[in-house]
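Morning, everyone. I'd like to walk you through the aromatic rings in one protein. Please take a look at the screen.

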Amino acid sequence: MTITAQEILAQRLYHQALLESKLTGAEVLAKSLGIQSQYVTHGIYNYFNRLADPKADSYEDLTEQGILAWGQRGTYHFYDRPTWEALSLLLSETVSWPWHHLAEQGVEVAAQLERLAGYLADGPLTREALKERYGQEEWRQLFRWGGLFLAASRQGQLYQTLSQGDRQVHWQPAPEGQDLQLLKHQLLASYFSFYGPATLADAAHFFGCPRPSSVRWTCLTGQVVVMTSRPFIMKAGRMRPSCRLS
């Protein structure tokens with residue numbers, strides 16, 4: 001038995017709540033592992049498209065329950081806070097590009113992150129107010145392409161929220177450590193439940209990890225799965241390879 005490309009597409013659309021949805025706003029943010037929002041209006045559109053009952057007050061749900069932060073692949077997403085914190089712990093194993101980019105310009109990144117935390121210690125500031133603290137030239141150097149925002153967000157310390165006129169920038173302590181192996185299992189299970197059928201290489205791309213050729217993963221059942229190019233799906237709480245592609 002084979003699964004066709006059309007069947008894979010149909011299952012993906014269904015799992016992602018694009019054909020029929022029973023999801024609330026909070027469920028969309030949690031199950032999707034974040035809605036990519038490099039352009040915020042696109043993120044809002046993708047969020048509404050996945051709601052079971054997209055009413056006018058659903059925007060308030062997004063602004064009250066959702067945060068904007070940089071996550072996997074260094075891109076801007078709407079998240080719920082637990083998902084963002086879990087991803088930040090996963091991504092703590094890697095160093096985000098702003099550290100290298102800013103260090104090459106002679107910037108001491110750790111010191112600048114401490115300075116940024118100091119500005120936000122008494123509560124959130126708008127982006128414009130924060131920009132005034134730095135001045136035009138320094139702001140351009142430190143925050144270009146996300147810069148310090150991205151570096152701090154990837155550590156689970158900085159996020160933004162939507163507000164009237166401008167975004168609010170928030171700072172929090174870094175999330176407490178967790179069992180990373182268990183965390184990987186949970187995130188991988190969530191990924192295949194929402195985005196599958198998909199390959200493990202697809203998952204690696206989604207999470208911003210190097211694309212593997214034959215890397216072992218310990219699944220929820222304690223079994224070991226060898227990473228291949230075949231699509232994987234979730235069934236009965238465990239991962240298994242789907243039928244081969246035609």
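Is Y191 buried or exposed? Y191 is buried, because its relative accessibility is 5%; buried means under 20% relative accessible area, exposed over 50%, partly exposed in between, with a 1.4 Å probe and protein chains only.

A word on the model. It is predicted: local features need pLDDT of at least 70, side-chain atom pairs count only at pLDDT 80 or more, and totals for chains, interfaces and linings use all residues. Residues are numbered from 1 along each chain as its sequence is written, and side-chain values use heavy atoms, leaving out hydrogens and water.

pLDDT is the predictor's confidence in each residue, from 0 to 100. The protein chain has a mean of 82. In it, 84% of residues reach 70 or more. Residues 213-246 fall below 50. Where pLDDT is low, the predicted coordinates should not be read in detail.

Now the rings. The structure holds 18 aromatic pairs. Rings of Phe, Tyr and Trp (its six-membered ring) pair if their centres lie within 6.5 Å; planes under 30 degrees apart count as stacked, over 60 as edge-to-face and the rest as tilted.

Take F143 and F149. Their centres are 4.6 Å apart and their planes at 50°, so this pair is tilted. F143 is buried at 7%. F149 is buried too, at 2%.

Back to Y191. Its ring pairs with F206, tilted, at 5.0 Å centre to centre and 45° between the planes. F206 is buried, at 11% relative accessible area.

Finally, one aromatic cluster. Its members are W70, Y76, Y119, Y134, W139, F143 and F149.

Notes:
Contact means heavy atoms within 4.5 Å.
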